[in-house]
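I opened the model to look up a helix, a group of rings and some backbone details. My entries follow.

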Amino acid sequence: MTREEPVGDSGAVGAMTDRGRWGAPTFISLLRGINVGGHRKIRMEDLRALYASLGFSPVRSYIQSGNVVFGGATGGGAIVAGKIEEALAANFGFDVPVILRTAAEMEDVARGNPFLGEGVDPSKLHVTFLKGAASDQARGDFAAHRVGSDELRLVGREAYLHCPGGMARTKLTPTFLERVLGSASTTRNWRTVNAVLEMARSI
């Protein structure tokens, strides 16, 4: 697979709708927990082929962590995600939660990062994407949360993270976030957010 490079780390540029050039929605799917530590392996060429077999086109992937940008889907996000999850289980033999955003939703994510205007290093920014909405209690308790030098800002279905020491050292781990926010989730660094967004702009 050829690695696609983003145009920058500061955020998205320009306006975007949910529709690609052929009039069908453009989606960005983020798979949770594949190709981590040699477990739950899926080759990206096999993943792209699976999406194509579901009638999606075009299909593009970014690095090995399970980021797929695609067009040609019909139905709402929950229906599309469910179709992909069923196909993944049938073809690879294990369950993989699929977190889906439209292209326009991902642009909102990139534009809405509350840390961008605070002069932080973009390489220390991450976004945790929730599969479902956080509970009302979580929104009250974790709208803004700090653990040491690490910060979390919960906005909609995204938890924005600023981790100066890196994700390897933070206590704002995926396990912790899923427990307190009450939803399956997956985390991407800011570079990947911008990369998949730029990829979606070309579909």
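Buried means under 20% relative accessible area, exposed over 50% and partly exposed in between, with a 1.4 Å probe and protein chains only.

Ground rules, noted before going on. This is a predicted model, in which local features need pLDDT of at least 70, side-chain atom pairs count only at pLDDT 80 or more, and totals for chains, interfaces and linings use all residues. Residues are numbered from 1 along each chain as its sequence is written, and side-chain values use heavy atoms, with hydrogens and water left out.

Entry on helix H6. I took helices (H or I, at least four residues) and strands (E, at least two) as DSSP runs, numbered from the N terminus. H6 covers residues 190-201 and reaches 17 Å from first C-alpha to last, close to the expected 16 Å; the expected span is 1.5 Å times one less than the number of residues. Among its buried residues I listed Trp190, Asn194, Leu197 and Met199. The buried residues of H6 pack against E2, E3, strand E1 (27-31), helix H3 (103-111), strand E5 (125-130) and strand E9 (185-189), where contact means heavy atoms within 4.5 Å. At the start of H6, I found a side-chain oxygen of Asn189 within 3.2 Å of the backbone nitrogen of Arg191.

Entry on the rings. I found 6 aromatic pairs in the structure. Rings of Phe, Tyr and Trp (its six-membered ring) pair if their centres lie within 6.5 Å; planes under 30 degrees apart are stacked, over 60 edge-to-face and the rest tilted. Tyr51 and Phe56 have ring centres 6.0 Å apart and planes at 65 degrees, so I logged the pair as edge-to-face. Tyr51 and Phe70 are also edge-to-face, because their planes stand at 75 degrees, with centres 5.2 Å apart. Tyr51 lies in helix H1 (residues 44-53) and Phe70 in strand E3 (residues 67-70), so this pair ties together parts 19 residues apart in sequence. Tyr51 has a relative accessible area of 0%, and Phe70 is buried at 0%. Phe27, Tyr51, Phe56 and Phe70 form one aromatic cluster.

Entry on the backbone. I noted a cis peptide bond between Ser57 and Pro58, with omega about -10 degrees. Pro58 sits in the loop between H1 and strand E2 (59-62). Ile63, in the loop between E2 and E3, has a positive phi near 45 degrees in a residue other than glycine.

Methods. Polar contact = N/O pair within 3.5 Å; in protein donor to acceptor, adjacent residues only side chain to side chain.
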